[in-house]
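Thanks for asking me to look this one over.

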Amino acid sequence: GRAPPPLAALSQVLRLERSRRTAIVFPLQKLERYLAPGTDTARFRLFQPGLAALQRAEALFRSDRRHPIDYVSSAVRMDHAPPPALPEVCFIGRSNVGKSSLIRALFSLAPEVEVRVSKTPGHTKKMNFFKVGKYFTLVDMPGYGYRAPQDFAEMVEAYLQERRNLKRTFLLVDGVVGLQKTDHIAVEMLEEFGIPYVMVLTKIDRVSRGMLLKNVLEIQEFVKESTQGCFPQLFLVSSVEFSGVHLLRCFVAHVTGNLPTVEAS
C-alpha cells in the first residue's frame with residue numbers, strides 16, 4: 001500500500017510545536033483568539049476529547065490483519081445496500097464539496113482502501129459503503145446540486161428514512177463559500193426526517209482567516225436559531241493539511257458507540 005501522508009497519524013502531529021498542534025487537532029479553537037471580546041465560545045468546545053480518546057479513535061481507522069477496513073459495495077437503490085448489521089454514519093454534501101477527499105483523509109492510515117476522488121463534480125452516483133472492521137460502516141453518498149443524478153433525492157431520502165442503523169449524518173459544507181441554497185434544502189430534509197446530523201466545513205486551507213471566521217459565526221448562528229437535529233459544534237477540516245481530521249475520526253468513533261467515554265482534555 002501507499003505510505004500515509006505527513007500528519008495523517010497523531011504521533012506526527014504531536015511532534016509539532018504547541019500552537020501548530022492545536023491548529024491541526026482543534027482548528028475551531030485556533031479561531032477563538034480572533035473573536036470579539038465577550039463572544040460566547042461554548043459551542044467551540046462541546047466535543048473536546050483528550051489524547052487517549054483521540055488515540056483510541058485513530059486505532060479504529062488504522063487497518064491490520066485482524067482489523068480490516070474494506071470497501072464493501074455500492075448501491076443505487078436501498079435494496080442493493082448491504083445488511084444494516086453495524087452502526088453507520090453517512091457523508092452527504094454538494095457536488096465538489098470535497099467529500100471523497102475527506103473520506104480518503106479519514107482512511108489515510110488504511111492506504112489499501114480505494115476511495116475514488118473525481119475531478120468531475122457530480123461523479124459519485126452511488127452510495128459507497130466502507131466497513132471498518134467489526135465496529136462501524138461509513139457511507140459516501142452521491143453529491144447534490146450540480147449534475148446530481150435524477151434519482152438522487154429518492155435514493156438519499158429512502159436511505160435516510162429507512163436505514164435504522166444510521167447513527168449520524170455528516171453534512172459537508174464548503175468552507176470557502178459557506179451555506180448555499182442546496183445546503184439549506186439538505187438541512188430541511190434532515191430536519192423533516194428528524195435525523196441527527198453535524199455540519200463539517202471543508203477546504204479550510206483555501207480560505208482566508210477572516211472569511212472562515214465569518215462563515216463559522218454565520219453557520220453557528222443558523223444552527224442555533226434554525227435547527228433542532230444539528231450538533232451545535234461545527235467541525236472544520238482540511239483534507240490537504242489534515243486539520244480537523246483527527247478530531248472528526250474521534251467524533252465518528254464516539255457517535256458509533258466505539259468511544260463510550262470521551263475524556264475532556
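1. Let me start with a charged pair. E58 and R62 form a salt bridge, with their closest N and O atoms 3.0 Å apart. Please keep in mind throughout that this is a predicted model.

2. A second pair worth a look is E88 with R163, whose side chains meet in a salt bridge at 2.7 Å, N to O. E88 belongs to strand β2 and R163 to the loop between α6 (152–162) and β5, so this pair ties together parts that are 75 residues apart in sequence. Are these two residues buried or exposed? Both E88 and R163 are buried.

3. Elsewhere, salt bridges with shared partners link E58, R62 and R249 into one network. Over the whole structure, the search finds nine salt bridges.

4. Next, the helix pair. Helix α4 (residues 51–60) packs with helix α9 (residues 245–255) at an angle of about 80 degrees, and the axes are 8 Å apart. Angles of 65 to 115 degrees count as roughly perpendicular, which is why α4 is described as roughly perpendicular to α9. On the α4 side, the contact is made by A53, L54, A57, E58 and L60. On the α9 side, H246, L247, R249, C250 and A253 take part. Sorted by class, this contact has seven nonpolar, one polar and two charged residues.

5. Turning to the sheet, how many strands does it have, and in which order? Seven strands form an open sheet with mixed pairing, in the order β1-β3-β4-β2-β5-β6-β7. β1 (69–75) and β7 (235–236) are at the edges with a single partner strand each, so one side of each has no neighbour in the sheet.

6. At the β1 end, β1 and β3 pair in the antiparallel sense over six bridges, and S74 stands opposite N128 in β3. β3 also pairs with β4 in the antiparallel sense, over five bridges, and here N128 stands opposite D140 in β4. β3 and β4 form a hairpin with three residues between them. In that turn, G133 has a positive phi of about 55 degrees. Strand β3 (residues 127–132) is mostly covered, with five of its six residues buried.

7. At the β7 end, strand β6 (residues 197–202) runs parallel to β7 and is joined to it by two bridges. L201 stands opposite L236 in β7. Helix α8 (residues 209–226) packs on the sheet, where it touches β5, β6 and β7, and its direction makes about 170 degrees with that of β6.

8. I would also pick out T202, which is in strand β6. T202 has a relative accessible area of 2%, so it counts as buried. Leaving aside residues up to four places away in sequence, T202 touches V97, L172, V173, D174, G175, V176 and V237.

9. Finally, helix α5 (residues 99–106) lies across β2 (88–93), β4 (136–140), β5 (166–174) and β6, and runs at about 145 degrees to β2. Which residues of α5 are buried? They are K99, S100, L102, I103, A105 and L106, that is, six of the eight in this mostly covered helix. The buried residues of α5 pack against β2, β4, β5, β6 and also α9.

Conventions: Residues are numbered from 1 along each chain as its sequence is written. This is a predicted model: local features need pLDDT of at least 70, side-chain atom pairs count only at pLDDT 80 or more; totals for chains, interfaces and linings use all residues. Side-chain values use heavy atoms; hydrogens and water are left out. Axes are lines fitted to C-alpha atoms, for helices over the stretch in contact, and angles run from 0 to 180 degrees between N-to-C directions. Helices (H or I, at least four residues) and strands (E, at least two) are DSSP runs, numbered from the N terminus. Angles under 35 degrees count as roughly parallel, over 145 as roughly antiparallel, 65 to 115 as roughly perpendicular and the rest as oblique. Contact means heavy atoms within 4.5 Å. Ala, Val, Leu, Ile, Met, Phe, Trp, Tyr, Cys and Pro count as nonpolar, Asp, Glu, Lys and Arg as charged, and the others, Gly among them, as polar. Two strands pair if DSSP finds at least two bridges between them. Buried means under 20% relative accessible area, exposed over 50%, partly exposed in between (1.4 Å probe, protein chains only). A salt bridge is a side-chain nitrogen of Lys or Arg within 4 Å of a carboxyl oxygen of Asp or Glu.
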